[in-house]
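Please read the points alongside the sequence and the coordinates.

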Amino acid sequence: MNATAANKIARARHAVPVPSLLRAPQRPLRLCVIFSLLLLFFSIPANAQDSAIIHLESQTLPNTSAPNTENPALLTFDDLVTLSHTADPTGDLAHRLDSLLNTPFLHEDPSAKPIRPTTNLGSTLRLAMWNIERGLNIDLIRAALTDPTKFNELAPAESPTDPKNQKAHIAHRAAVDSQLKKLSDLDLLILNEADLGMKRTNYDNVTADLASALHMNYAFATEFLEVDPIFNLNSEEVHLPDAQEDQRLQTDLQVDHDKYHGLHGTAILSRYPLHNVRIFRLPVCYDWYANEYAAISSLEQGRRWSAEKLFKERIERELRHGGRMALIADISVPESPTGQVTVVAAHLENKCTPACRKKQMIALLDQLKSNTNPVILAGDFNTTGSDNTPTSIRNEIMKRITDYQFWIKQVISYFNPLGLAKLALYPLHYFHSYNDPTAYHLPIIWDNRERPLFNYIENFRFDDGRTFDFRGRKKFTDPPRARTLADSNERQWKGFVPTYSFTRDFGGVVGRFKLDWILVKPFTMNPRQSKQPLKFAPTYPTTMQELNSAPADRISDHPPITVDLPLTEPPSSN
């Protein structure tokens, strides 16, 4: 999730004027409309809202999950310029774009060898998931994963001047050191938002860089091809009124035609061999080319923009081919009864409703249903709890038409005592779902629109009868926490430890979210029953906020998260 999308969340909560029909002075007409709406609401199936929203905003790309045989060819700069002006290329370019979006890049490292770190549960498969924000801080990311000494040089710990803060400083430093040690023993790393050939990351192949440093095999899948004609390709001119500022701008926008490839995506890095690697394109909840191009097309090309408008455009515009996807691979793990573990690196949409994210998850799990291996599903699910669909007059109108909660709220607001009661319950409602997209969902009273996604995952059954592990056992967490998913995603005193926050979150009152997840299918036949096998089940999750915030400017807008999977059944594990 980018900063722009996250900052829109707060704006999406502004009140919307009550439709004039409900403000009509004729009391009988108003009551008639209200009770008609109530009757309509209670006659609609429970999933009608989801269906309406999904019908309006989603379409499904063809299944392109065939295994890869060779790496796709990169496009030329002239190809990218052509793609900046069309959503539907033709001929050979269309074929090469399709190959780039649906064929993973693979690399095998002959020196890759599993570490299999040992805990109190025996040998484990330690995995991490990290949205690395394009790899902007690649030196710090590399050092955090491979070289604690180098990391401490890049992010030195300065002792506080106030003795009162010394104890907190020592605890923070101990946490950083512990997290660095955990990362040094990884056997599996899942990355979201990794660049390849982008100017903002020095045209680096971020995945290949990290895989080389870690001595890991890797697979990379292109999520997006970035083709903005101004900010990516510099193929169209834009100027600032001030000559000195304009000169600096032109220098900043210059791009190396030979090095620019414009790829941005998801990766799996593994010390275990990778097999059967494929890409599955998720249902489309936001068209990153058509929607963004519509905004750009209204601008005059070559005009002299203000510096403020230029900055706003640069932050908000993302003209792209491609869309959300999942990278799927099998890794060879001898302890698995099938000899394989399936790894699924997913990135769900941020510019949409929770209902459409659920549709993406349904499509993905349908692809995995026949899988008999242990399964690791991890990634940025963008579970903000809000409708982040870009605002437009049409979107606002359609949102009110398809949003039954909006109409019911108008009914409640008509009866003053209930309206006041709902207002009084708002702080309790906010606290109920604070940092917890899995919290109970009851429309109007306990509104949590991400809960249906997690309900679907919990109730999902693979063809072999197995489930994702939702047990949340306290004895396999540190510090000890219980409740839903506590042993695969670190919990705190209320909800989960957040994995995304605004730069300014006012001490956590606003702007903190649990977006990144690790979910595991071990050998459980019931998602919550405690006394089931622990082999390949998630244990001791960590959300590494301390490490991520160790530099003066954080490493990424998301911290890494880790979990350990026991490779054998520990004695007396239950």
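**Notes on the predicted model**

1. Leu 377 stands opposite Leu 519 in β14. Strand β11 (residues 375-380) and β14 run antiparallel and are joined by six bridges; strands count as paired if DSSP finds at least two bridges between them. Helices (H or I, at least four residues) and strands (E, at least two) are DSSP runs, numbered from the N terminus.

2. As to the basis of these comments, the model is predicted: local features need pLDDT of at least 70 and side-chain atom pairs count only at pLDDT 80 or more, while totals for chains, interfaces and linings use all residues. Residues are numbered from 1 along each chain as its sequence is written, and side-chain values use heavy atoms, with hydrogens and water left out.

3. Strand β14 (residues 516-521) is mostly covered, with six of its six residues buried. Buried means under 20% relative accessible area, exposed over 50%, and partly exposed in between (1.4 Å probe, protein chains only). Asp 516, Ile 518 and Val 520 point one way from β14, whereas Trp 517, Leu 519 and Lys 521 point the other way.

4. Within it, Arg 281 has Met 325 in β9 as its bridge partner. Strand β7 (residues 274-281) has six of its eight residues buried, so it is largely enclosed by the rest of the structure.

5. Aromatic contacts deserve attention. Rings of Phe, Tyr and Trp (its six-membered ring) pair if their centres lie within 6.5 Å; planes under 30 degrees apart count as stacked, over 60 as edge-to-face and the rest as tilted. By this rule the count comes to 11 aromatic pairs. In one of them, the ring centres of Phe 77 and Tyr 260 are 6.4 Å apart and the planes lie at 80 degrees, so the pair is edge-to-face. This pair links distant parts of the chain, 183 residues apart: Phe 77 belongs to helix α4 (residues 77-83), and Tyr 260 to the loop between α10 (243-253) and β6 (263-270). Phe 77 is buried at a relative accessible area of 9%, and Tyr 260 is buried at 1%.

6. Phe 454 and Trp 517 form a tilted aromatic pair, 4.7 Å centre to centre with 55 degrees between the planes. Because Phe 454 lies in helix α17 (residues 451-459) and Trp 517 in strand β14, the pair ties together parts that are 63 residues apart in sequence. The relative accessibility of Phe 454 is 2%, which counts as buried; Trp 517 is buried with a value of 0%.

7. Ring pairs also link Tyr 456, Phe 460, Phe 462 and Phe 468 into a cluster. The charged end of Lys 369 sits over the ring of Phe 460, 5.3 Å from its centre. Elsewhere, Arg 320 lies over the face of Trp 288, at 4.5 Å from the ring centre. The criterion is that NZ of Lys or CZ of Arg is within 6 Å of the ring centre and within 35 degrees of the ring normal.

8. How many residues line the second largest cavity? There are 10, and the closest to its centre are Pro 283, Val 284, Tyr 286, Gly 323 and Arg 324. This cavity holds about 40 Å³ of space. A cavity is a set of points on a 1 Å grid over the protein atoms alone where a 1.4 Å probe fits but cannot get out, and lining residues have an atom within 4 Å of a point.

9. Leu 183, in helix α8 (residues 166-184), is buried, with a relative accessible area of 0%. The C-alpha atoms of Leu 183 and Thr 562 are separated by 8.2 Å, although these residues are 379 apart along the chain.

10. The peptide bond from Asp 478 to Pro 479 is cis, with omega near 0 degrees, and Pro 479 is found in the loop between α17 and β12 (500-501). Asn 202, which is not a glycine, has a positive phi of about 60 degrees; Asn 202 is in the loop between β4 (188-196) and α9 (206-214) and is exposed at 67% relative accessible area. Asn 234 likewise has a positive phi, of about 55 degrees. Asn 234 is placed in the loop between β5 (217-226) and α10 and counts as partly exposed at 27%.

Technical notes. 1 Å grid on protein atoms, 1.4 Å probe; cavity = no way out; pocket = protein on both sides within 12 Å on 5 of 7 lines; lining within 4 Å. Points joined across faces, edges and corners; volume = space filled by probe spheres on them.
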